[in-house]
Amino acid sequence: MADYVELHCHSAYSFLDGASQPEELATRAVELGYEALALTDHDGVYGSLEFAYAAKALGLRSITGAEVTLVDGSHVTLLVETPRGYANLCRLLTAAHASERLNPRLDPVLLAEESEGLVCLSGCARHGLAVRNPNAAEELARSFGRDRFYVELQRPYERGDARRNAALRALAEALGVRTIATGDVHAHHPRRLRLQDVLVAIKNRTSLEGCEAERRGNAESVLLDPKDVFARFPDDRGAVRRTRELAERLTFDLTDELGYRYPDFSDGPTPADVQLADVCRRADLYVCDNSSTIYEFAATGRPVVVLNAPGYRKSVHHGLRFWTAADVGIQVDRSADLLPAIREALEDAPERQAKREAALNVVYGFRHGAAERAAREIKSWSAAREEAAA
Ligand SMILES: [Zn+2]
């Protein structure tokens with residue numbers, strides 16, 4: 001088993017920066033002999049679930065995290081250790097995006113307050129907090145504590161690597177914390193690095209020549225063979241081995257049931273999910289709150305309404321497969337209006353409506369008054385379909 005685990009890795013969900021899909025990273029990691037891999041996209045966990053499922057299917061252990069941007073523009077790498085840590089990470093990311101959607105910034109005071117269950121690495125070579133603002137890093141190190149704060153060492157073979165890493169080692173010693181090596185991966189394979197360059201140029205709205213300084217032109221930001229990592233950090237072999245020790249602690253698995261419940265948007269004493277279930281039953285629709293029973297009903301051709309019960313994320317995941325099988329699928333989330341989505345899906349596929357095996361699956365987040373309308377719409381679609389089949 002490899003002694004190195006990559007704990008700083010970007011997918012294409014680091015928009016206009018990462019050049020590989022989560023499943024490409026997972027597949028390549030398995031090829032290279034990694035036992036675990038962390039996904040740490042910029043200011044979001046958009047790719048984490050996809051990554052976790054892809055990794056699981058390949059027998060790779062996924063570690064969930066994000067590289068967050070603080071108010072001063074510097075970066076820290078956050079890794080999830082426990083379910084509470086995942087909840088805190090999501091809360092922190094929401095707060096970071098709350099003021100300016102396209103320019104997320106996290107207040108380090110909030111990070112210190114909501115740090116339970118998270119491990120903090122001090123950030124990347126170019127923008128890392130420890131590189132840019134050692135005093136602020138010291139404060140964070142204090143609130144996270146020695147077991148949950150590491151000074152992050154990277155060696156992108158850029159000018160200043162030796163001086164920067166010497167300063168970081170000294171900082172770690174002064175703070176009484178340990179160093180850890182990471183790769184700041186932006187591509188799963190060297191052949192993808194040219195695309196990464198192009199993404200950086202697009203992001204900077206310039207040509208390839210125009211973004212020479214921002215580009216990672218030396219092809220070092222690729223997922224390495226773990227055996228080659230010791231050669232990259234000859235003076236920090238302990239920091240390399242520590243990745244594996246830390247990874248062994250990070251056992252949080254995003255594919256486990258997290259017990260998440262949607263907030264109840266009911267306008268009366270009856271909870272919204274109970275209201276919707278009643279309406280659907282009156283409309284003679286099968287209602288299930290468990291995605292695993294969808295398949296049985298797919299075969300009957302009857303419309304199925306899937307309530308957003310425990311396991312919503314799993315419903316979506318299974319739902320995607322189910323829709324492929326059933327030919328008609330609609331996913332509606334809380335932020336969307338249900339009716340236009342249903343109409344669009346049906347109009348989009350008139351030939352599918354005629355198919356007896358087609359079924360309708362609505363993964364539906366509850367909104368005021370939407371339940372009645374949804375049930376009516378589904379029922380009239382169902383009747384029209386039966387008429388057409390008769
Ligand atoms: Zn960074």
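## A walk through the predicted model

R242 lies in helix α10, where helices (H or I, at least four residues) and strands (E, at least two) are DSSP runs, numbered from the N terminus. This is a predicted model, in which local features need pLDDT of at least 70, side-chain atom pairs count only at pLDDT 80 or more, and totals for chains, interfaces and linings use all residues. Residues are numbered from 1 along each chain as its sequence is written.

Let us stay with R242 for a moment. Is R242 buried or exposed? With 20 C-beta neighbours inside 10 Å, R242 counts as buried. The scale behind that word is simple: a residue is buried if 20 or more other C-beta atoms lie within 10 Å of its own, exposed if 12 or fewer, and partly exposed in between, with C-beta atoms placed from the backbone. Leaving aside its neighbours within four places in sequence, R242 is in contact with R178 and I180; two residues are in contact if their C-beta atoms, placed from the backbone, lie within 7 Å. T179 is 63 residues away from R242 along the chain, and their C-alpha atoms are separated by 8.1 Å.

The buried residues of α10 are A239, V240, R242, T243, L246 and A247. What do the buried residues of α10 pack against? Their partners are the strands β1 (36–42), β2 (61–69), β4 (118–121), β5 (149–153) and β6 (178–181), together with helix α9 (229–232). T251 is exposed, because 12 other C-beta atoms lie within 10 Å.

**The chain as a whole**

Stepping back, the protein chain has 16 helices and 10 strands. Of its 390 residues, 41% count as buried. Among contacts in the chain with a separation of 6 or more, 72% come from residues 24 or more positions apart.

How confident is the predictor? The mean pLDDT of the protein chain is 79, and 69% of its residues reach 70 or more; pLDDT is the predictor's confidence in each residue, from 0 to 100. Over residues 290–295 the pLDDT is below 50, and this stretch has 15 contacts in the model beyond near neighbours in sequence. Residues 348–371 also have pLDDT below 50, with 77 contacts in the model beyond near neighbours in sequence. Where pLDDT is low, the predicted coordinates should not be read in detail.

**Two helices side by side**

Helix α1 (residues 22–32) and helix α2 (residues 48–58) have axes that come within 8 Å and cross at roughly 30 degrees. Those axes are lines fitted to C-alpha atoms, for helices over the stretch in contact, and angles run from 0 to 180 degrees between N-to-C directions. That crossing angle makes α1 roughly parallel to α2, since angles under 35 degrees count as roughly parallel, over 145 as roughly antiparallel, 65 to 115 as roughly perpendicular and the rest as oblique.

Which residues meet between α1 and α2? From α1 come P22, E23, A26, T27 and V30, and from α2 come E50, F51, A54, A55 and L58. By class, this contact of α1 with α2 has 7 nonpolar, 1 polar and 2 charged residues. Here Ala, Val, Leu, Ile, Met, Phe, Trp, Tyr, Cys and Pro count as nonpolar, Asp, Glu, Lys and Arg as charged, and the others, Gly among them, as polar.

Not counting residues up to four places away in sequence, L58 touches A26, T27 and V30. L58 counts as partly exposed, because it has 14 C-beta neighbours inside 10 Å.

**Pairs across the sequence**

Here are some pairs side by side.

| Pair | Separation in sequence | C-alpha to C-alpha distance |
|---|---|---|
| T251 and P83 | 168 residues | 9.6 Å |
| A112 and A141 | 29 residues | 9.2 Å |
| L58 and E23 | 35 residues | 9.5 Å |

A112 is found in helix α4 (residues 108–113). Leaving aside its neighbours within four places in sequence, A112 is in contact with L140 and S143. A112 is partly exposed, with 14 other C-beta atoms within 10 Å.

**Two backbone angles to look at**

D184 has a positive phi of about 50 degrees although it is not a glycine. D184 is found in the loop between β6 and α8 (193–203), and D184 is buried, with 24 other C-beta atoms within 10 Å. R205, also not a glycine, has a positive phi of about 50 degrees. The place of R205 is in the loop between α8 and α9, and R205 is exposed, with 8 other C-beta atoms within 10 Å.
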